[in-house]
Amino acid sequence: MQKDFNSVKPYVYWIKNLETSIKYIGVRWRNVRLNKTPIQDLGKKYFSSGLLEKDFKKNSENFRIKFISTFNTVQEAVAFEN
């Protein structure tokens with residue numbers, strides 16, 4: 001587990017909706033193909049998936065994000081998230 005959020009690596013992140021207190025932990029690896037660091041990706045190019053995506057993209061000020069860790073491989077990131 002690493003915390004190198006300025007390098008292009010798969011990562012695990014945490015999002016909290018400040019209005020509903022709903023929390024979500026996710027894994028992201030497509031940023032590697034896009035050549036984006038986690039900091040360049042989450043909340044700028046990528047807005048999570050599923051139910052949070054539309055609201056997070058539209059009202060990002062209502063969300064708090066936290067980068068948890070970066071990984072050398074997709075498999076490591078997925079295993080950590082599970």
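A residue counts as buried when its relative accessible area is under 20%, as exposed when that area is over 50%, and as partly exposed in between, using a 1.4 Å probe and protein chains only. Keep that in mind, because Tyr11, at 0% relative accessibility, falls on the buried side.

Some ground rules for reading on. This is a predicted model, where local features need pLDDT of at least 70 and side-chain atom pairs count only at pLDDT 80 or more, while totals for chains, interfaces and linings use all residues. Residues are numbered from 1 along each chain as its sequence is written, and side-chain values use heavy atoms, leaving out hydrogens and water.

**The overall fold**

How does the radius of gyration fit a compact globule? With 82 residues, a globule of that kind would have a value near 12 Å, and the chain has 12 Å, so the two agree. The radius is taken over C-alpha atoms, and the globule rule is 2.2 Å times the number of residues to the power 0.38. Those C-alpha atoms fill a box of roughly 35 × 25 × 20 Å along the principal axes.

Of the 82 residues, 37% are buried. Take the contacts (heavy atoms within 4.5 Å) with a separation of 6 or more: residues 24 or more positions apart account for 65% of them.

**Aromatic rings**

How many aromatic pairs does a search of the whole structure find? There are eight. Rings of Phe, Tyr and Trp (its six-membered ring) pair if their centres lie within 6.5 Å; planes under 30 degrees apart count as stacked, over 60 as edge-to-face and the rest as tilted. Here are two pairs:

| Pair | Centre to centre | Angle between planes | Type |
|---|---|---|---|
| Tyr11 and Tyr13 | 5.9 Å | 55 degrees | tilted |
| Phe47 and Phe56 | 5.5 Å | 75 degrees | edge-to-face |

Tyr13 is buried, with a relative accessible area of 0%. Phe47 counts as buried at 12%, and Phe56 does too at 3%. Ring pairs also link Phe5, Tyr11, Tyr13, Tyr24, Tyr46 and Phe67 into a cluster.
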